[in-house]
Amino acid sequence: MDGIISLLGLVSLCLEGVDPQGVYAPPSVRIVHSGHACNVEEERYSERVYTIREGETLELTCLVTGHPRPQIRWTKTAGSASDRFQDSSVFNETLHIAQIQRHQGGRYYCKAENGLGSPAIKSIRVDVYYLDPPIVTVHQSIGEAKEQFYYERTVFLRCVANSNPPVRYSWHRGREVLSQGSDKGVEIYEPFFTQGETKILKLKNLRPKDYANYSCVASVRNVCGIPDTSVIFTLTNKTASPAIKLLVEDPIVVNPGQTVALVCITTAGEPPPTLTWTSGGGAALPQKSQVKDGTLTLRDISSDEAGLYSCVASNNVGNPAKKSTTIIVRALKKGRFWITPDPYHNDDNIQIGREVKISCQVEATPPEELVFGWLKNGRTLRSSERMVITQTDPDVSPGTTNLDIIDLKFTDFGTYTCVASLKHGGIPEISIDVNISSTTVPPSLAVPRGRSPLVAREGDTVDLECVVTGKPKPILLWTRADREAPMPDGSAQMESYDGVLRVANVSREMSGQYRCQTSQYNGFNVKPREAVVELIVQYPPTVEPTYMEIRQGLGRAVSMSCRVLRAHPSRVLRYEWRLGSKPLQSGHFDTRDETEYSIRALAQENYGEYVCEIVNEAGAGRCVFNVTAKAYAPEFYYDTYSPIWQNRPRVYGFKLQWTQMNPDAVDRIVAYRLGIRQTGQQRWWEQEIPVEAPIRKGELLTYNLTELIRPEAYEVRLTPITHFGEGDSTVRIVTYSAPINPHLREFHCSFEEEPICLFTQDKNDDFDWTRHSAATRDTKYTPNTGPSGDRTGSKQGFYMYIETSRPRKMGDRARLVSPIFNVAPKSPYGLSNPPAYCFSFYYHMYGKHIGTLNAFLKQKGQSASADSPVWTLTGNQGDRWRQAKVSIHPTASFQVAFEGVRGPGIEGDIAIDDVILEEGECPNTPPTPEESKAPASDVHIWLLVITMAMTLLRGQR
């Protein structure tokens with residue numbers, strides 16, 4: 001953290017007044033890709049297409065501009081129904097899909113919005129390439145020729161492989177490549193209906209040589225590096241389609257809990273078929289099932305596992321063989337009864353001398369094993385003229401038996417029992433008792449006094465009650481009577497055996513009328529009896545706003561309003577305003593539906609949380625207003641032009657910019673508290689940044705962070721401060737990225753570190769510059785040339801030089817090229833006038849064979865030429881360091897380059913040091929030296945002539 005301590009002493013604050021409409025801008029977006037793309041078509045039919053191999057990593061990044069920072073959302077369409085990507089959109093700049101699958105191909109959209117203008121949307125289509133191993137299937141056709149007495153035997157070999165892009169096939173017989181026309185007994189074609197996805201090899205009238213190994217090779221022509229795949233099929237005179245046999249009955253009827261083994265064997269097929277089992281319409285087998293050698297074992301079987309099971313045999317010859325059987329699991333359930341009075345009389349009561357019918361119904365599996373028996377008072381009852389036992393047609397009412405009592409007598413009163421069982425046993429019987437007596441009467445239904453309307457409060461548990469009399473008591477069915485709406489449990493109707501419907505946690509939507517109705521089951525088969533219960537749910541007032549934050553400065557007016565939207569009962573009793581626990585005002589509503597509280601001029605004691613409570617019989621609704629003078633959070637500006645720069649190898653700088661959200665909402669911001677820490681660290685280092693003048697809406701503020709340690713990332717927190725106190729904070733991450741486009745507030749390179757400030761050697765020159773300290777070479781080999789120290793005179797300091805000893809020859813060139821620099825605009829909206837930079841450096845040109853030193857400016861889209869240096873000098877300049885300065889005016893990203901040209905001999909070492917680029921014109925820029933081969937003394941002569949000429953001109957004036 002020492003770097004951060006020094007950072008806080010080296011930062012500077014800059015407030016840039018900017019047109020608010022320029023800083024606040026709607027979003028723009030573009031998509032860039034990384035990951036493992038094998039091809040990207042930048043524009044195809046106005047859409048970018050990204051091709052990737054299945055199993056690779058897809059990585060798409062959405063680069064956005066706009067202020068405030070836009071929110072980014074990735075969505076996808078045109079995928080399979082199982083890939084509901086749009087239901088789980090990704091809110092992130094980067095969309096990362098590891099091991100992408102074919103169903104994840106489709107059109108991906110990046111949407112950015114920040115509330116200004118329309119959202120920005122860009123799309124890219126992702127095409128996933130793949131190639132599955134091919135499958136060869138064989139089909140045989142034997143047909144009789146009409147006019148000849150022999151059989152023609154034809155074999156079709158069909159090759160299919162799933163792929164994207166479309167696959168190409170080739171056939172081989174052994175090592176022989178088969179093609180159309182190469183063999184009269186062979187035809188190769190693509191059926192029309194397959195649209196080129198299938199390749200058919202037709203072997204006509206089989207010959208002995210046709211019995212061989214056939215290989216089908218599938219290829220997508222190595223796109224995305226996908227290799228060819230192949231499959232081999234051996235055709236013999238024994239090749240045959242599969243046949244199977246099931247060694248089980250159909251159907252198989254078992255009891256619950258038994259173990260069932262389904263045995264499937266192959267009876268024919270070459271190559272040997274593969275056996276598989278499926279359940280139902282191809283569904284997966286039960287979890288506890290086991291398959292071994294064609295045998296399917298189901299242990300402890302239950303009714304849920306009953307159904308159709310199929311054994312399928314396949315060897316890719318002909319059609320698969322399939323055999324099925326059905327497993328039936330015995331069961332008895334849902335026993336119920338009903339009593340039907342004499343249908344020939346308009347009377348629902350049971351009377352002596354009339355007919356009465358008792359019906360009994362159960363659900364049985366299998367239904368054909370269902371057996372009914374009747375008992376009267378525990379004794380077996382057989383069908384007779386007066387006691388007629390029948391069974392209803394299964395198509396009309398399955399699993400139903402009837403006991404008709406003709407001419408009911410007093411002696412017929414008693415308990416009748418219906419007993420249901422299955423023929424082969426193993427399943428418990430179901431017994432249903434029905435009492436026929438003088439007390440057996442049809443039902444009547446009523447709502448108890450005081451139970452309708454029923455008033456409850458939201459959240460209570462209530463019991464809706466209908467009293468049913470009669471014997472036997474039937475099941476009651478509850479439904480909504482006033483509208484088509486589901487019952488509280490979501491169903492259309494609910495059953496009740498005791499007449500009570502309990503509803504927990506009632507809500508206002510449950511208000512209304514509920515119908516209770518007798519069912520024919522376990523009672524009389526007569527016209528249903530009905531009753532209605534009304535439920536009234538009371539709830540506290542619903543108000544708006546439930547919460548509102550109000551930010552205002554001292555001395556300003558504030559008005560707060562709380563409005564009632566709905567309530568039951570709608571008669572609102574009273575309202576009360578409080579600040580914290582302090583009562584402010586209260587009253588009763590008359591015809592209004594809202595109440596208001598105002599403050600003419602805010603004082604310090606007026607800040608806090610205001611609560612307006614509106615109360616009715618069911619409770620209270622609350623409006624909460626948080627009145628504060630806290631400043632809004634700053635909005636970091638993410639579109640800063642070239643925010644990162646690097647002056648020294650181990651440190652970097654960052655240009656932090658932001659605007660202030662609604663600066664006029666509260667008192668003037670007098671300072672910002674800056675906090676910074678390395679990511680992963682706990683301790684914050686803080687410093688206050690004073691603000692001298694009021695901040696305008698949209699004004700861009702800048703804070704230059706320096707001495708950041710490379711390559712660490714930092715968490716930066718910014719908090720506005722007013723006289724009221726601290727406002728809301730904003731946090732962002734500052735991340736280091738290699739400064740291939742360094743920022744040019746100031747660039748200084750003294751070549752003290754090995755990376756030499758990201759300078760690089762030109763690959764198209766003749767030799768390289770060398771980094772060195774002290775003398776360039778042992779003086780006994782190269783005397784009288786090169787510096788004896790760096791620009792400061794230090795023997796330990798480093799500089800760059802060209803070594804002109806052998807094997808160098810006259811005219812050889814060495815070029816040293818700077819990193820790419822971005823042109824820093826004066827405002828965030830781009831370049832209006834090309835900026836000026838002062839390009840300066842120290843040079844040492846000592847020796848009688850000194851050649852030429854050139855300095856070039858290379859702009860983006862242009863090439864540097866030896867004929868157009870921005871600075872050049874030739875010849876011996878003496879044994880000392882000199883400084884050169886030149887103003888440059890780049891209009892685009894640029895580089896500077898040094899070119900050393902070897903002179904006629906070995907005493908021609910040229911050195912450079914302390915390269916500097918600064919914003920602005922060079923002060924007192926020396927004239928650019930002209931290219932000259934004259935000795936140094938000639939230069940002094942020319943300077944003398946110029947001085948004399950200037951003197952004469954002044955004398956004439």
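A disulfide is counted here where two cysteine sulfur atoms lie within 2.5 Å of each other. By that criterion the structure, a predicted model, holds eight disulfides. The chain has 957 residues, of which 44% count as buried. Its mean pLDDT is 84.

**Overall make-up**

- Three helices and 70 strands make up the secondary structure of the chain.
- Among contacts between residues at least 6 apart in sequence, 70% join residues at least 24 apart.
- The chain exposes about 49900 Å² of accessible surface, and carbon and sulfur atoms account for 49% of that area.

**Confidence**

- A pLDDT of 70 or more is reached by 86% of the residues.
- Strand S58 (residues 714-721) has the highest mean pLDDT among the elements of the chain, at 97, while helix H1 (residues 2-10) has the lowest, at 40.
- Over residues 1-20 the pLDDT stays under 50, and the model has 61 contacts beyond four places in sequence for this stretch.
- Residues 78-88 also stay under 50 in pLDDT, and for them the model has 17 contacts beyond four places in sequence.

**Disulfide Cys62 to Cys110**

- Cys62 is joined to Cys110, with an S to S distance of 1.6 Å.
- The link is left-handed because the torsion about its S-S bond is about -90 degrees.
- Both Cys62 and Cys110 are buried.

**Disulfide Cys360 to Cys418**

- Cys360 and Cys418 are joined with their sulfur atoms 2.2 Å apart.
- With Cys360 in strand S28 (residues 356-365) and Cys418 in strand S33 (residues 414-422), the pair ties together parts that are 58 residues apart in sequence.
- A torsion of about -80 degrees about the S-S bond makes this disulfide left-handed.
- Cys360 and Cys418 are both buried.

**Disulfide Cys749 to Cys757**

- The sulfur atoms of Cys749 and Cys757 are 2.1 Å apart and form a disulfide.
- This link is right-handed, with 90 degrees about the S-S bond.
- Cys749 counts as buried because its relative accessibility is 0%; Cys757, at 15%, is buried too.

**Cys612**

- The closest cysteine sulfur to that of Cys612 is in Cys562, at 3.8 Å, which is too far for a bond.
- Cys612 is buried, since its relative accessible area is 0%.

How values were computed:
Residues numbered from 1 in each chain as written. Predicted model: local features only at pLDDT ≥ 70, side-chain atom pairs only at ≥ 80, totals over all residues. Heavy atoms only, no water. Helix = DSSP H or I, 4+ residues; strand = E, 2+ residues; numbered from the N terminus. Buried < 20%, exposed > 50% of the residue type's maximum accessible area, 1.4 Å probe, protein only. Contact = heavy atoms within 4.5 Å. Areas by Shrake-Rupley, 256 points an atom, 1.4 Å probe, with all protein chains shown as cover. pLDDT = per-residue confidence, 0-100.
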